[in-house]
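Please look at the structure first.

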Amino acid sequence: MRARIVSFFALIVFTVSAATQSSGGLTNNSTVFTAQINNQHLKIETYGEQCFRILKYPEGKTVDKTSFSVIRKQGDAVIRLKETENEFVLTISKNKIFVDKSTGVIRFCDLKNNLLLSEKMTSNPFVPTTDVNGSGFKVKQIFGLSEKEAIYGLGQDQRGIMNFRGHSVWLKQRNMFVAVPFLVSSKGYGVLWDNSSITNFADNTSGASFESEIGDCIDYYFVAGTSMDGTIAALRELTGKAPMFPKWAFGFLQSRERYTNEHEIVDIVKKYRDLKLPLDGIIQDWRYWGFEEGQWNSTEFDKVNFSNPKQMLDNIHALNAHAMISVWPSFGNTSNIYKDLDAKKMLFDFKTFPNTDKEKVYDAFNAEARDIYWKHMNENIFSKGMDAWWLDATEPEQSSALSYIDSTQTALGSYKRVANAYPLFTNKGV
C-alpha cells in the first residue's frame with residue numbers, strides 16, 4: 001500500500017460505556033475512524049470525498065492487508081466526528097456514516113440523512129476455516145436494500161440477468177463467467193467487495209450479502225457517486241482508469257476457429273480488400289504452434305506452416321489491417337517457456353485445458369514468472385510485429401473439482417485466498 005500522507009493529524013479520545021463497547025475508547029486521526037464494538041474491531045478510512053473503506057475483524061486479531069485492485073492512496077477527505085447517545089456520526093464531504101454503538105451496524109446517508117444503504121446484523125460474520133497456510137475466516141456481510149432498488153454489475157454473467165435483485169451470483173473466475181465483486185445501485189451508490197477468494201453474492205429475504213471462502217477481515221468500499229455514472233467515475237478514481245482501445249479495435253475483426261498457415265491468413269485479408277469490404281483486424285487463434293506433443297501454447301510459431309511470422313505480419317500491415325493472436329497462461333511440458341518456469345518452480349500442479357497431464361499453469365502472482373511469460377511472448381510474437389493480444393483462459397481454465405484450491409500455494413499466499421485475482425495479475429504482466 002502506498003505511504004499514507006496526512007497533512008493534519010489530530011488524536012481525539014472519547015470514553016464510551018463499557019456496556020456498549022468492548023474496549024474503552026475510540027480514535028480518529030482525521031481521515032481514519034476506529035472503534036471496538038461487539039467484539040469486533042472497526043475501521044473506516046476515506047479514499048477521497050466519495051469512497052470509504054470499511055474494515056472489520058475479530059477482537060484480538062490484527063490485519064495488514066494491501067488491496068490488489070485499489071490504487072488510490074488513503075486520505076484526502078477529513079472526517080468530522082460527533083457522538084449521540086446511540087451512534088457515532090461521521091460527516092465526510094457530502095455524506096454521513098452512522099455507526100451503532102451497541103451493534104457496530106453502519107448506515108450510509110447523504111447530508112440530509114436520506115438513507116442510501118444500511119448494513120444488517122450478520123450472525124457469524126467470521127467463521128473459522130483453513131487453507132494451505134493455516135487458519136482464516138469465512139467472512140460475510142449482509143446489507144439491507146430498499147424495496148424498489150435495482151442493483152447491477154457483479155461482472156460478466158451468462159444468464160441474461162440485468163437487475164440482480166432476488167438472484168445469487170457465484171463469483172468465481174471460470175470459462176465465460178467473469179467475477180467482479182462490484183455492484184452499482186439505482187440509488188446511485190456502489191459497493192466494492194475487496195476479497196479475491198471465491199465469493200457468493202445473494203439477494204433474498206434476509207438481505208443482500210457477500211460471503212467469501214476465506215479472509216482475515218470484512219473489507220469493502222462504499223462508493224457514493226450520487227448517480228450511477230458518478231459512482232462508476234468514482235470507482236475509476238479508486239481502482240484506476242481503463243485506457244481506451246486503439247481506434248482500429250472498434251472496427252470489424254475477422255476470426256474463425258483458426259488459420260492453418262501464414263498464407264491463408266494473409267489471403268483472407270487480401271480477399272476483403274478485393275471485395276471492398278471493411279476490415280480492421282484479423283485474429284489468429286490457437287495451434288499456430290503446431291500439433292507436436294508437449295508443445296501446447298509454446299508461444300512459438302510452427303516453423304513449417306508459419307515459417308516467417310514477421311513477413312506474414314508485414315504483409316497484413318501493408319494491406320492496412322492489424323493482427324491479434326491468442327495466448328494462454330498454460331504450457332506444454334516440452335516447450336521452452338514451460339522449461340524456464342519449471343526450473344524455478346513457478347508452475348501450478350492442477351489440471352488445466354487440454355487436460356492431457358502435460359500442461360501446467362504458471363504462477364502469475366510471481367513477478368519473476370510474469371517477466372518470463374512476457375520474455376517469451378515478446379521474443380517470439382510481439383517483436384515480429386503483432387498488434388494485439390487475445391489473452392485466453394485467464395481464469396485460468398481448471399477442472400470442475402475445487403480440491404486444488406485448498407492445497408495450491410502461490411507467491412502471494414494460498415490459491416484459495418487469491419483465486420479470483422489471477423486474471424488481474426497475468427494481464428498486468430502483459
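**A buried loop residue and its surroundings**

Asn297 is buried, since its relative accessible area is 0%, and buried means under 20%. The model is a predicted one. In the chain, Asn297 sits in the loop that runs between β21 (281–284) and α3. If residues up to four places away in sequence are not counted, Asn297 touches Tyr288, Trp289, Val327, Trp328, Pro329, Ser330, Phe331 and Ile337.

The largest nonpolar core has 49 residues, and those touching the most other members are Ile316, Val327, Leu341 and Tyr362. Two or more residues of this core come from each of α2, α3, β22 (322–327), α4 (336–343), α5 (367–380), β25 (388–391), α7 (415–418) and α8 (422–429). Leu341 makes contact with Phe331, Met346, Leu347, Tyr362, Ala369 and Ile372, with neighbours within four places in sequence left aside. There is also a second, separate core of 42 residues, which includes Val99, Ala179, Ile218 and Tyr220.

Helix α2 spans residues 262–274 and helix α3 residues 309–318; the angle between them is about 5 degrees and their axes are 10 Å apart. Angles under 35 degrees count as roughly parallel, and α2 and α3 are therefore roughly parallel to each other. On the α2 side the contact is made by Glu262, Ile265 and Val266, and on the α3 side by Pro309, Met312, Asn315 and Ile316. The residues of this contact are five nonpolar, one polar and one charged.

How values were computed
Residues are numbered from 1 along each chain as its sequence is written. This is a predicted model: local features need pLDDT of at least 70, side-chain atom pairs count only at pLDDT 80 or more; totals for chains, interfaces and linings use all residues. Side-chain values use heavy atoms; hydrogens and water are left out. Axes are lines fitted to C-alpha atoms, for helices over the stretch in contact, and angles run from 0 to 180 degrees between N-to-C directions. Helices (H or I, at least four residues) and strands (E, at least two) are DSSP runs, numbered from the N terminus. Angles under 35 degrees count as roughly parallel, over 145 as roughly antiparallel, 65 to 115 as roughly perpendicular and the rest as oblique. Contact means heavy atoms within 4.5 Å. Ala, Val, Leu, Ile, Met, Phe, Trp, Tyr, Cys and Pro count as nonpolar, Asp, Glu, Lys and Arg as charged, and the others, Gly among them, as polar. Buried means under 20% relative accessible area, exposed over 50%, partly exposed in between (1.4 Å probe, protein chains only). A nonpolar core is a set of buried Ala, Val, Leu, Ile, Met, Phe, Trp, Tyr and Cys residues joined through side-chain atoms within 4.5 Å.
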